[in-house]
Amino acid sequence: MSLLFEPFSIRQLQLKNRLVMAPMCTYEAANDGRVTDFHFTHYESRAIGGVGLIIQEATSVVPEGRISANDLGIWEDAQIEGLQKLTTSLKKYGTIPGIQLAHAGRKATVEGQIVAPSAIAFDEQSRVPHELSIDEIDEVVLHFKRAAERAIQAGFDVLEIHAAHGYLIHEFLSPLANKRQDAYGGSAENRYRLLGRIIDAIRDIWDGVLFVRVSADDYTEGGLVAEDYVPFAQWMKAQGVDLIDVSTGAVVHAKIDAFPLYQVPHAATVRQGGLPVGAVGLITTAEQAEHVLQQQQADVILIGRELLRDPYFAYHAAKQLGHTMKPAIPVYERAWQ
Ligand SMILES: Cc1cc2nc3c(=O)[nH]c(=O)nc-3n(C[C@H](O)[C@H](O)[C@H](O)COP(=O)(O)O)c2cc1C
């Protein structure tokens, strides 16, 4: 049997296969951050298509942390109801619902003040962010905790902290964006402190599955590389994180040579820290995904754009690997067997 279609157990959960829909912003929410009809069509079709886990797009823990005015949000209780309907539906179709909790930091484009570890703009087109005070950092931690509580109420089985792609938490981790001279800047321990506190705050209220998404390469002199994430992974393991979802880049503009599987070696390096990892990035075929798992470079495979092209990617991959997949509704068996 292929590894890709072998179930994956993590804490109390069992994913029916190792195919995960990567978090991808759709910018289809209204200004209130609430779920719309589009989100049902979009996520339900991938659930019916057979992926084991869907990680819902970056969902902002505060209004000012949105990448755009059309991001999904989880900063107030009124947003729970729509999310809860969505998780109920995804579970009905046999897919585990996960959510990515996010704060865009200096890359937020919504109106009002934007925030970051240091008052350095992302690029010349971006506004200069406000440098967060220690009290304001405490509030950020609390916002992630409150958002996690809402996500649990909404029925998500996997929470993923977005610490990648140059958004707020990655800005703290990377010396390219973090020039602080207090307890949150300088050494690796200090730059990790915000992420560490958010993990602890969520672990206080959640004994379910917790992922962290990281960017394990800044592709820039003076920035972070995959090896820097090995101790981070060890700390995350000690704090009860279950899996690290390994992406790269985007804290500063950089030239990235992207080719099939280009981020897989980063995942393999981070895996040395002792936690299971997810590999993502230009993995577009069943053979590639199976190869990564067979080589023990990762434990699950996240698929992004290929799932936008083909909601039935899991079904097609199963066919290619000779696995008979149980469809989400019985009548599909007449076509899938
Ligand atoms: C339209 C789109 C939106 C994305 N939004 C997010 C996001 O919300 N959170 C995140 O961590 N990554 C986001 N990403 C990155 C993807 O999760 C994934 O890492 C990336 O697309 C590489 O995988 P792929 O080659 O399979 O597409 C997005 C990518 C795309 C194409």
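Reply: Happy to! Ala, Val, Leu, Ile, Met, Phe, Trp, Tyr, Cys and Pro count as nonpolar, Asp, Glu, Lys and Arg as charged, and the others, including Gly, as polar. With those classes, the lining of the largest pocket has 19 nonpolar, 11 polar and five charged residues. This is a predicted model, where local features need pLDDT of at least 70 and side-chain atom pairs pLDDT 80 or more, while totals for chains, interfaces and linings use all residues. Numbering runs from 1 along each chain as its sequence is written, and side-chain values use heavy atoms, without hydrogens and water.

The pocket has a volume of about 650 Å³ (the space filled by probe spheres set on grid points joined across faces, edges and corners). A pocket here is an open set of points on a 1 Å grid over the protein atoms alone, where a 1.4 Å probe fits, with protein on both sides within 12 Å along at least five of seven lines; lining residues have an atom within 4 Å of a point. There are 35 lining residues, and Pro-23, Met-24, His-165, Arg-213 and Ser-247 are the closest to the pocket's centre. Two elements, β13 (300-303) and α9 (305-309), each give two or more residues to the lining. The largest share, three residues, comes from α9.

For the setting, the protein chain has 11 helices and 13 strands (DSSP runs numbered from the N terminus: H or I of at least four residues for helices, E of at least two for strands). Along the principal axes, its C-alpha atoms fill a box of roughly 60 × 45 × 35 Å.
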